[in-house]
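This briefing concerns a predicted model.

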Amino acid sequence: MQTAAPTTPSGTPSVDLGPAAGLSCRECGERFPLGPIFACAHCFGPLEVAYDLPAGDPEQLRKRIESGPASIWRYAPLLPVPADVADKPNLNPGWTPLVKADNLARELGVTGGLYVKDDSGNPTHSFKDRVVAQALEAARAFGFTTLSCSSTGNLAGAVGAAAARAGLRSCVFIPHDLEQGKVVMAAVYGGDLVGIEGTYDDVNRFCSELIGDPLGEGWGFVNVNLRPYYAEGSKTLAYEICEQLGWRLPDQIVVPIASGSQLTKIDKGLRELIALGLVEDRPYKIFGAQAEGCSPVSAAFKAGHDVVRPQKPDTIAKSLAIGNPADGPYVLDIARRTGGAVEDVDDARIVDAIKLLARTEGIFAETAGGVTVGVTRKLIETGALDPALTTVVLNTGDGLKTLDAVAPTTGPTTTIRPSLDAFRDAGLAH
Ligand SMILES: *Cc1c(COP(=O)(O)O)cnc(C)c1O
Ligand SMILES: [Zn+2]
C-alpha cells in the first residue's frame with residue numbers, strides 16, 4: 001500500500017536515517033525535523049542529531065554490536081544511518097587498532113596503561129573517513145548529487161574517495177598552500193579540487209557563501225549543511241575505544257582539536273555508552289591538544305575564558321590549523337566539566353613527538369599525532385595528566401601525508417660504497 005510521504009518544512013520527503021529522530025539546537029534545545037540544515041532558526045545555535053536510542057537489555061545490544069561488521073557500521077544502531085548502511089557502496093572505515101603502547105609509556109613515565117588509538121589505517125589514512133561516511137548517508141537521503149567540503153587537507157581526500165565509491169560527483173575546496181601529499185590525495189580520486197588563495201577560515205567563509213547561492217544548489221557540504229550528521233561519526237572513536245578496552249571507559253583521553261567537533265562528539269559517545277548501560281558509569285577526563293601556532297582554544301582555557309578569540313594559524317600541523325574553531329566553546333565546557341585541560345606544543349616538539357612515537361611503537365603519525373603525543377608529554381610534565389591512570393592518545397592521521405614535517409631532520413644514518421670495508425669503517429656493525 002502506498003501512502004503519501006510526509007515532508008519536512010523544506011519540502012524534502014521524510015528520510016530513513018535509522019535511530020536519528022530529528023535535529024536539536026545545542027543552545028536553546030528547539031527541535032527540527034531531519035534535513036540539510038545546521039543552524040537553529042530561533043537562536044542561530046548549532047544543530048545536532050537527536051536520537052531514539054535502542055532501549056532494553058544492554059547485554060543484547062553489546063552482543064549485537066560485537067557480531068556486527070569490523071567497521072564503524074557495527075555501531076549503526078547508534079548512528080544517523082539506515083540499518084542496511086553496510087550494504088551500500090561506501091569505504092567501510094573504522095575498527096582501527098587500539099595499540100597498547102608499553103614502550104612509549106616507559107618513555108613518558110605512564111604506569112596506568114597507555115594506548116594509542118591509531119586511525120592512520122583508515123581508507124584515506126585519517127579519521128575523516130568516519131565523519132564523511134555519515135555525511136554520505138545524509139547526502140543520499142536528502143538527494144544531493146554533489147559532495148563537497150571546505151578542508152584543511154584530510155577531509156578533501158576523504159570526500160573525494162567516498163564520492164568516487166558512491167558514484168557521486170565531488171568538488172572540494174582547500175587552502176592553496178597545503179602539503180603536496182594532501183593535494184595529491186585530494187585530487188587523485190578524480191573529483192574537482194579547487195585551491196583557494198587564503199587560509200582555511202577564508203575557504204570556510206567562501207563555502208558558506210556558496211551554499212546560500214544558486215551556484216551551490218544540490219550540493220551537500222559535508223562539514224557545513226551536512227555538519228550535524230558528519231559530526232556524529234566521531235562518536236565511533238569513543239565506541240571503539242571502550243569496546244576495545246573490554247567495554248570500559250578510559251580514565252583519560254587526549255584528543256586533537258581543529259574545529260573541536262571530534263572532541264565534543266567523543267564526549268557525546270562516551271555519555272551515550274553510559275546511558276545505554278554498555279559501560280560502567282565512572283569519571284573520565286578529556287584533554288584537548290593544539291599546536292602552539294594555532295592554539296585559540298588552549299589560550300582561552302588557560303586564560304579562564306568562555307569565548308575563543310580567533311587566531312591566524314602558523315604551524316606545521318596544518319590539519320589542525322583552524323583559527324576560528326566552531327566548537328571551541330563546547331570544548332572548553334567539556335575539558336572543564338570532566339576535569340581535563342587544553343594544552344599546546346610548538347612545532348619543534350611536534351616533530352620530536354612524531355619521531356618518539358615512530359621510534360617507540362612503530363607508528364608513523366602525521367603532525368596531528370605529533371600534537372597529541374607532544375601534548376600528552378607536556379601534560380605529564382605539568383601534572384595535569386595523571387600517569388597512574390589508563391590513558392588513550394589519538395593518532396588521527398598517517399605520517400606519509402606530512403613527510404615535509406620530518407624530512408629535514410630524517411635521513412640515512414650514512415651513505416657508503418657497496419663494500420664490506422666501507423661498512424666496517426662506518427662503525428655500524430656491533
Ligand atoms: C580534521 C582532523 C582532526 C579534528 O578535527 P575537528 O575539526 O576538531 O573535528 C584531527 N586530526 C586530523 C588529522 C584531522 O584531519
Ligand atoms: Zn536555538
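The largest nonpolar core of this predicted model holds 122 residues, and those touching the most other members are Ala135, Val159, Ala162, Val255, Phe287 and Leu320. Helix H3 (residues 128–142) gives the most to this core, contributing nine residues.

- Leaving aside residues up to four places away in sequence, alanine 135 is in contact with Gly220, Val222, Leu226, Tyr229 and Tyr230.

**Helix H6**
- Helix H6 (residues 200–211) has twelve residues, which at 1.5 Å a residue should span 16 Å; the 17 Å between its end C-alpha atoms agrees with this.
- Its buried residues are Tyr200, Val203, Asn204 and Cys207.
- These residues lie on the same side of H6, because they cover an arc of only 100° around the axis.
- Among the elements covering the buried residues of H6 are strand E6 (146–150), strand E7 (169–175), strand E8 (192–196) and strand E9 (219–221).

**Helix H9**
- Helix H9 (residues 261–275) comprises 15 residues and reaches 21 Å from first to last C-alpha, close to the 21 Å expected at 1.5 Å a residue.
- The buried residues of H9 include Lys265 and Asp267 as well as Leu263, Ile266, Leu270 and Leu273.
- Against the buried residues of H9 pack helix H7 (227–232), helix H8 (235–244), strand E10 (252–256), strand E11 (285–291) and helix H11 (328–338).

**Ligand 1**
- Around ligand 1 there are 17 residues, of which Asn154, Ala258, Ser259, Gln262 and Thr396 come nearest.
- The shell around ligand 1 consists of six nonpolar, nine polar and two charged residues.

Notes
Residues numbered from 1 in each chain as written. Chains lettered and ligands numbered in written order. Predicted model: local features only at pLDDT ≥ 70, side-chain atom pairs only at ≥ 80, totals over all residues. Near = placed C-beta within 6 Å. Nonpolar A, V, L, I, M, F, W, Y, C, P; charged D, E, K, R; others polar. Core = buried A, V, L, I, M, F, W, Y, C linked by C-beta atoms within 7 Å. Buried ≥ 20, exposed ≤ 12 C-beta atoms within 10 Å, placed from the backbone. Helix = DSSP H or I, 4+ residues; strand = E, 2+ residues; numbered from the N terminus. Contact = placed C-beta atoms within 7 Å. Expected span 1.5 Å × (residues − 1). Arc of directions from axis to C-beta.
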